[in-house]
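The following exercises are to be worked through with the sequence and the structure at hand. Each task is followed by a solution in steps.

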Amino acid sequence: MASTISPQIRILPGGEHRLLTEIGRVDPGSLASFREAGGYGGLERAVTRLAPEEVILEIEGAGLRGRGGSGFPTAEKWRVARDTPADRKIIVANLMGADPSALGDRALAEGNPHLIVEGLLIAAYAAGASEAIVAVRRDWTDAIARLRRATADATDAHLAGYLVLGTDTSIQLSVWEGSGAYVAGEETALISALSGDRGMPLIRPPFPATRGLHGVPTLVQNAETLAHVAWILSHSSEAFASVGTEASRGTKLVTVMGRVNEPGLVEVPLGTSIGAIVDLAGGPGGSAKAAFVGGPGGGALTAAEFGTPYDYESLEAAGALIGSGALLVVDGATCMVDSARFFADFSAREACGKAVPCRIGTRRLVEALDRILAATPRPNDVTLLRELSRKIADTALCRLERIAPGPILTTLDRFSDEYRAHAERGECLAGACQAPGGSPLLEPLAGLE
Amino acid sequence: MAFPGAGIAKGMAQTFRNFFAPKVTRQYPEERPQMPERWRGRLDLIYDPFGEHKCEVCFQCAQVCPVEAIDMSGFDTQGNRIRYGMPEIYDERRDPNAYRRAGQPARPMRNPARWDESVDTPWVDETVDAFGGRPEALVAIFRAVEERYGYLPERALRRISDRMTIHWAQVFGAAGLGGFRLLPVAGHVVTVCDCAACRFAGGPSLLDAIRDELGIEVGEETADGGITLEVGSDVGAGASSPAIRIDTLVYGPLDPEKARHLVSERRAAAARVAEGTPA
């Protein structure tokens, strides 16, 4: 049943398959097939044998951190929602796929939707939520249909709905679609969209865990995190923590793309080196120059830094992030200035327009990069890029905005020679851009070391 | 009547009048002048130093206006015509004669907004009711309407707003930010993916080839109305990059020659259908 998921999602062998094991083996449209593979065992164990607090302790023991990019400890988030007194609490599975090129969530939703639903129900039980919502990006039509089917089947089998598995827990499941914008994956933007408004982020605090959708405590969890929750409950927290580093345990779905021989989706233990992940994808095609780690807001690492472990802390220290789980390898024929402009332009185009630093600031960043690319920079353009980037990050309304300048800052630090060649001599070191050439600058550009 | 010092004398006269006038200090925040209840100040569009409107047509003012008093019509930053208001009001402005009367050359609209769109309102109502009118379903309802009409007609959005009792500005904003089509589109839509994966796997060369093949720019339609060319990052190309999407099907990985071939085939098929000959 290799054709159960869209052909655009290629799952690569190797690494440590946990969430990906069942994809292609279970029938995504059949509850019976999932249960045969041991599915919903974790939910059964949680609801019938464990108290909610024990479930949270188990997740805490496993050391699971949010896979949506922030890396926030999952157990801590659940505890806040659990401890907030309210008659009604909501949990949302985030499948908005903010970064259009990351494949992890989509692979899970199409290949094994019940795994997400199981994790969602466990999380709802642990946090004391009576409503569980699956929010899916609207262009993933197959995923929507399968999740609708999965939730309906689970409710019919009394795994959700009223009196789950004969206990006095009730969790109402529903699947809703969300718009396909980059910002829509941000948790407060998702909450705005679900309340019938524009999908724009809200100011925090109040955090959604205390006051979210319809004004009640709302827990927004990434689909991959929820799949891990289901895995932990059906295996054990020790098994989960057996791989990974001290602070970042477990596995992570990583989408490897760009100049690699076999682009696709891999699952690796956190802490695997970037070079090893690239090798799982068939190795770099030609000579790798750098990798953009973390999607549109990630950072560039040079090929010499491919030994960096892929975990939250190490990447952040290097200026990159786990982010959407995207890893883009570029070769020597790629201009880093132009790449930085591409990512900055993506952030500018996808800005929802609510926060001024993002709406106008990212646009100004693109304009400064355009001037550098055209070899007509103003003397302070590099200083402007750095200062404006810092201000955007400092005054950001949402996380996506805070990380937006990442590609610019990291390429400025690591590939300053390319910036210099473009700005001062109008020449592209990678030979990729149609550089204007000639017209050397009268004074050197400030801010490049 | 000009004699030296007349101006000074006139000015000083005013000064003396004020000098002996009673002095009144209005304790503004505590004592407020009598104003109509809904008065929020005078609306004014401000200009930048180059004489351009600073208004970005972001609709935020329309969204917060409590009585829906603000309607808009204009061009967004990409040059697309957008409007936000009753068709009977804006019909006049869309009329090329209105340009001519204003002393500007009459020009055809790039995206003529259709105000005579006919919408099956009972069907829209049914669709809304099928979801129980829940606000979470807004995007799902948009998708159903877009599937039927190819875009979101304004009348349908108005109806959804009425039926769901969600503010019209919110419905419109959610549709716009959600990336839905607000204007009808001609023929088949070819979308070249510009997600990061495609971009670094040769997406720009596909775009060049297709542009060359069709002889149109991004956002335009071919003269026979068979194909509209677009660029989008929501194709979902994944591991098949670089990819293009024709209507709803994703094709990839492609090289420029294959892309050219695919697009010309589709265009020829569309022409055959238009002529009525069996494909």
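**Exercise 1: A helix pair in chain A**

In this predicted model, α3(A) passes α4(A) in a left-handed crossing.

Task: Determine how α3(A) is oriented relative to α4(A), and state which residues make the contact.

Solution. 
Step 1. Locate the two helices: α3 of chain A covers residues 52–62, and α4 of chain A covers residues 74–83.
Step 2. Consider the axes, which come within 8 Å and cross at roughly 155 degrees.
Step 3. Angles over 145 degrees count as roughly antiparallel; therefore α3(A) is roughly antiparallel to α4(A).
Step 4. List the contact residues. From α3(A) they are A:Pro52, A:Ile56, A:Ile59 and A:Glu60, and from α4(A) they are A:Thr74, A:Ala75, A:Trp78, A:Arg79 and A:Arg82.
Step 5. Sort them by class: the contact of α3(A) with α4(A) has five nonpolar, one polar and three charged residues.

**Exercise 2: The setting of A:Val216**

Task: Decide whether A:Val216 counts as buried, partly exposed or exposed, and describe its surroundings.

Solution. 
Step 1. Count its neighbours: A:Val216 has 19 C-beta neighbours inside 10 Å.
Step 2. A buried residue needs 20 or more and an exposed one has 12 or fewer, so A:Val216 counts as partly exposed.
Step 3. Leaving aside residues up to four places away in sequence, A:Val216 touches A:Ala86, A:Arg88, A:Lys89 and A:Ile90.
Step 4. For A:Ala160, which is 56 residues from A:Val216 along the chain, the separation between C-alpha atoms is 21 Å.

**Exercise 3: Chain B and its side towards chain A**

Task: Summarise the make-up of chain B and the side of chain B that touches chain A.

Solution. 
Step 1. Chain B contains 11 helices and six strands.
Step 2. Of its 279 residues, 25% count as buried.
Step 3. Among contacts in chain B between residues at least 6 apart in sequence, 56% join residues at least 24 apart.
Step 4. Turning to the interface, 30 residues of chain B are in contact with 37 residues of chain A. On the chain B side, the elements giving two or more residues are α6 (138–149), α8 (168–177) and α9 (196–199) of chain B.
Step 5. By class, this side of chain B has 17 nonpolar, nine polar and four charged residues.

**Exercise 4: Confidence in chain A**

Task: State the mean pLDDT of chain A and where confidence is lowest and highest.

Solution. 
Step 1. The mean pLDDT of chain A is 90, with 97% of its residues at 70 or more.
Step 2. Confidence is lowest in helix α18 (residues 416–425) of chain A, at a mean of 88, and highest in helix α6 (residues 113–127) of chain A, at 95.

Notes
Residues numbered from 1 in each chain as written. Chains lettered and ligands numbered in written order. Predicted model: local features only at pLDDT ≥ 70, side-chain atom pairs only at ≥ 80, totals over all residues. pLDDT = per-residue confidence, 0-100. Helix = DSSP H or I, 4+ residues; strand = E, 2+ residues; numbered from the N terminus. Contact = placed C-beta atoms within 7 Å. Nonpolar A, V, L, I, M, F, W, Y, C, P; charged D, E, K, R; others polar. Axes fitted to C-alpha atoms, helices over the stretch in contact; angles between N-to-C directions. Parallel < 35°, antiparallel > 145°, perpendicular 65-115°, else oblique. Left-handed = near helix turned anticlockwise from the far one by under 90°.
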